[in-house]
Each structure stands twice: as structure tokens, then as C-alpha cells.
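Thank you for making time for this one. Please have the sequence and the model open while I talk, and I will go from the overall fold to a few particular places.

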Amino acid sequence: MDTLPILAQSLLFEGVALSDLPQMLRCLEPKQVTYPKGFTIVEEGDLLDELAVIVSGSVSIVRHDFWGNRTLVAKLGVSDIFAETVACISDKSVATVITDEKTVVLFLGIKKIITTCTTACPFHHRIVENMVKLLAHKNLGLMQKMNHITKRNTREKLLSFLSEQAFTKGNQEFSIPFDRQQLADYLCVDRSAMSSELSKMKSDGLIEYNKNTFILKHLQ
């Protein structure tokens with residue numbers, strides 16, 4: 001598999017010409033690994049010193065409480081990056097990363113990214129800038145999720161999430177990357193209660209939906 005076009009789509013390599021990527025990668029000690037569906041790549045508590053770029057497939061980032069209740073933090077796909085925050089401080093992971101399907105991941109040594117390049121690599125300044133942008137984007141995403149899950153009830157959480165999706169996609173009709181259980185885990189609500197609330201919202205004329213495709217309706 002030619003990973004270079006996929007890496008070029010990643011925010012980490014934004015502004016780097018495709019022809020320059022091979023030279024940059026030689027500085028970053030890449031390691032590519034293929035995982036089967038349902039494989040746990042990272043466990044909560046694992047020490048990390050590498051970030052990971054998804055070359056193919058997808059993963060779920062999840063957290064579990066003391067009683068085993070699961071919260072979905074995010075779903076990531078091709079060209080997305082995970083483990084960058086913890087790797088930057090060589091600390092223990094606070095989340096578990098599980099493959100949703102057969103997934104190929106490229107690991108990159110974080111110290112090679114955030115420390116001065118000994119070979120005076122001309123691309124190093126660019127990748128450090130991109131790393132800062134990447135961390136900022138991840139922080140913004142977590143703030144958006146916090147805005148959803150701190151709403152007072154299930155309906156308000158759903159309205160907050162669906163509204164944000166509509167604005168992001170620029171259309172009142174859109175698809176979300178979650179099935180019903182994943183959406184419930186993401187919003188920290190009971191699946192049955194959420195499904196019931198979705199039905200009520202449809203009856204109230206707020207939304208239409210079919211599986212993971214939604215249409216937000218304007219009230220008359």
C-alpha cells in the first residue's frame with residue numbers, strides 16, 4: 001500500500017509536498033503495523049512515546065469507568081491521528097484505542113517531531129507548526145463534545161450534537177459516523193432512552209432520520 005498520498009491528507013503533514021514526504025519520514029522513524037478488527041491497540045494506562053496515523057481502516061477511542069461503563073470519546077478514520085497528546089509528555093494513556101475493522105497504522109516517534117532535527121531537516125519547522133495546530137484541533141473537538149454532554153437532558157444533548165453536525169456539514173441533511181450504541185456512548189446517555197427521545201423528536205417535527213442519516217426540520 002502506498003501510504004504517502006494518505007499521509008499527505010493528514011494535518012500533521014499539511015503544506016508538505018508529496019515528493020518531500022519520503023525524506024521527512026526518514027527523520028521520523030516510521031513503523032507500520034496492521035491490526036485485525038476488534039484489536040486493542042492502546043490500553044488505558046499504557047505508556048506512549050509515539051503518535052499514530054491511520055493509513056487504512058478506523059478506530060474507536062473509548063474510556064471505561066470503575067464499573068466498566070463505556071464512553072465513546074471519538075471515532076477516527078483514514079489520515080486521522082491518535083495518541084499525540086499523551087506521547088508528547090511520554091505519559092500513560094487515559095483512553096483505549098480499538099479497531100473497528102482491519103486497520104493499518106503508521107507510528108512515528110514523537111521526540112523526532114518535537115525536538116530539534118540533528119540533520120537540519122528543512123521540513124522540521126513546518127511539522128512542529130502542524131503539531132501545534134493538531135493539538136489545538138483536538139482540544140476544540142473535546143470542548144465541542146463537552147458542550148453536548150453537559151446539557152441537562154437527553155433531548156438537549158441530541159439537539160446540541162445534531163445542530164453542530166448540521167453547521168459543520170453546511171446542510172440540514174447529513175450523516176453521522178455513529179450507530180445508535182456509539183451515539184449513546186458518545187453523548188453519555190442510555191441507548192434505550194435516547195432511541196425513545198429520537199422518536200419523540202421525530203413526532204414533534206424536529207427531525208427526520210433513517211439509520212445514521214438525519215434531517216433537521218424548521219418549525220412552522
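**Overall fold**

The secondary structure of this chain comes to eight helices and 11 strands, where helices (H or I, at least four residues) and strands (E, at least two) are DSSP runs, numbered from the N terminus. What we are looking at is a predicted model, in which local features need pLDDT of at least 70 and side-chain atom pairs count only at pLDDT 80 or more, whereas totals for chains, interfaces and linings use all residues. Residues are numbered from 1 along each chain as its sequence is written, and side-chain values use heavy atoms, with hydrogens and water left out.

Along its principal axes the C-alpha trace spans about 65 × 40 × 30 Å. Of the 220 residues, 41% count as buried, and buried here means under 20% relative accessible area, with exposed over 50% and partly exposed in between (1.4 Å probe, protein chains only).

**The largest pocket**

The largest pocket has a volume of about 1500 Å³, a volume being the space filled by probe spheres set on grid points that are joined across faces, edges and corners. On a 1 Å grid over the protein atoms alone, a pocket is an open set of points where a 1.4 Å probe fits, with protein on both sides within 12 Å along at least five of seven lines, and lining residues have an atom within 4 Å of a point. The lining has 45 residues, and Val73, Ala74, Leu76, Lys138 and Leu142 lie nearest the centre of the pocket. Which helix gives the most to this lining? That is α5, with 12 residues, while the elements that each supply at least two include β5 (70-76) and α6 (154-169).

**Aromatic rings and a buried methionine**

A search of the whole structure finds seven aromatic pairs, counting rings of Phe, Tyr and Trp (its six-membered ring) whose centres lie within 6.5 Å, with planes under 30 degrees apart called stacked, over 60 edge-to-face and the rest tilted. Tyr209 and Phe214 form a tilted pair, 5.7 Å centre to centre and with 40° between the planes, and Phe214 is buried, with a relative accessible area of 0%.

Finally, Met201 has its place in helix α8 (residues 191-203), and Met201 is likewise buried, at a relative accessible area of 0%. Leaving aside neighbours within four places in sequence, Met201 is in contact (heavy atoms within 4.5 Å) with Arg155, Leu158, Leu159, Leu162, Leu206 and Ile207.
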